[in-house]
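Here's a quick briefing to read alongside the model.

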Amino acid sequence: MTKRIFVAGHRGMVGSAIVRQLENTDAIIVTAGREKLDLLDQAAVFAFFEQQKVDQVYLAAAKVGGIVANNTYPAEFIYQNLTIQNNIIEGAYKSGVKQLLFLGSSCIYPKLAEQPMTEHALLTGTLEPTNEPYAIAKIAGIKMCESYNRQYGVDYRSVMPTNLYGENDNFHPENSHVIPALMRRFHEAKLAGDKKVTVWGSGKPMREFLHVDDMAAASIHVMNLDSKTYAANTEPMLSHINVGTGVDCTIRELAETMASVVGFEGELEFDASKPDGTPRKLMDVSRLKSLGWAYSISLSNGLSSTYTWFLNNQDKFRK
Ligand SMILES: NC(=O)C1=CN([C@@H]2O[C@H](COP(=O)(O)OP(=O)(O)OC[C@H]3O[C@@H](n4cnc5c(N)ncnc54)[C@H](OP(=O)(O)O)[C@@H]3O)[C@@H](O)[C@H]2O)C=CC1
Ligand SMILES: C[C@H]1O[C@H](OP(=O)(O)OP(=O)(O)OC[C@H]2O[C@@H](n3cnc4c(=O)[nH]c(N)nc43)[C@H](O)[C@@H]2O)[C@@H](O)[C@@H](O)C1=O
């Protein structure tokens, strides 16, 4: 039967990638931009669900940003993320939605979690301070889904993506994540003929990066797993699934790769006044592998295609 699927956050990086892939199926895709539906407005969200009668929800709407944005606007990150996800999860449940996929983040795990981090590392230690408010909201999202499953018998699942990048990313110079920030900075330095580019922090932290098209494919894969397979590979009170590559690199290595993708031939300098954040957050992706999914886009291919998109779409960048 044709499904009506609501993608919340359909203009964002992940939401737009999910929509592109769902467009190749027979699903009816339901979307609502911020100007039509403010997801912070509980009454409007509940009314939207009552009107739309959807079968599935991808919860890809959130307040999102890099290390400095998280550290600068902690109140907005905790309030908006808790409110958006509470409104959508409760609104979906009240209108009879049986299937929902919540997108969390790898920052739910303790700052010094054993590497690679399995799903069992959740709630075993102190979080990274720069993004604790955002991480607390994401942990609450996992627990909302599990609680609704236990009490109401719905099927609300959670995926925890590693750091993502790709088409429709946020290329803001301060508020973005490291890949879009460096892509833009290296590109502008190349055009200006600059001899040096500044990279934040020490360059020593390690990060794992997944292309957004892989993230969208993994999300759809997890949503569509039959309930028995999903239940056999998760636990009712530890139900989330890591999504990543299982491969990481230092920020210095990332910056060197970025320089070569963009064609910047100058030097790197590191700005120690900017935070490093978590020293390492490598995902253990064996749960996802045992559920039949693995990534396919390498970092070098993903950075090259993202740079091509960047060159052709600068008019679409967010302010
Ligand atoms: N990017 C990353 O590296 C990672 C992302 N994630 C998670 O993946 C999910 C998607 O992230 P990503 O695509 O990168 O984020 P984006 O910022 O690209 O997209 C977020 C979307 O949410 C929408 N949104 C936010 N607030 C509201 C609101 N009040 N009303 C209506 N719409 C709203 C935005 O709308 P508008 O376009 O109008 O601003 C945007 O379309 C999030 O849950 C995020 O936490 C997890 C790990 C890493
Ligand atoms: C996805 C994840 O994203 C955030 O956490 P993060 O992993 O630390 O993400 P980031 O991409 O911003 O930084 C990664 C590393 O890179 C370094 N770095 C160098 N130069 C730039 C730079 O120019 N910009 C940025 N942002 N970082 C830079 C930076 O100092 C850090 O060491 C969370 O708050 C939270 O939102 C979350 O879940």
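Let's start where two helices touch: Q42, V45, F46 and F49 in α2 meet N87, I88, G91, A92 and K94 in α4. Contact here means C-beta atoms, placed from the backbone, within 7 Å. This is a predicted model, where local features need pLDDT of at least 70 and side-chain atom pairs count only at pLDDT 80 or more, while totals for chains, interfaces and linings use all residues. Residues are numbered from 1 along each chain as its sequence is written, and chains are lettered from A and ligands numbered from 1 in the order in which they are written.

- The contact of α2 with α4 splits into five nonpolar, three polar and one charged residue (Ala, Val, Leu, Ile, Met, Phe, Trp, Tyr, Cys and Pro count as nonpolar, Asp, Glu, Lys and Arg as charged, the others, Gly among them, as polar).
- The axes of α2 (residues 42-52) and α4 (residues 74-94) come within 9 Å and cross at roughly 35° (lines fitted to C-alpha atoms over the stretch in contact, angles running from 0 to 180 degrees between N-to-C directions).

**Around ligand 1**
- Ligand 1 is surrounded by 23 residues, with G9, G12, V14, A61 and A62 the closest (C-beta atom, placed from the backbone, within 6 Å).
- α1 (13-22) gives the largest share of this shell, three residues (helices are DSSP runs of H or I, at least four residues, and strands of E, at least two, numbered from the N terminus).
- By class, the shell around ligand 1 has 12 nonpolar, seven polar and four charged residues.

**Around ligand 2**
- Ligand 2 has 24 residues around it, and the closest are G66, H177, A181, W200 and G201.
- α6 gives the most to this shell, three residues.
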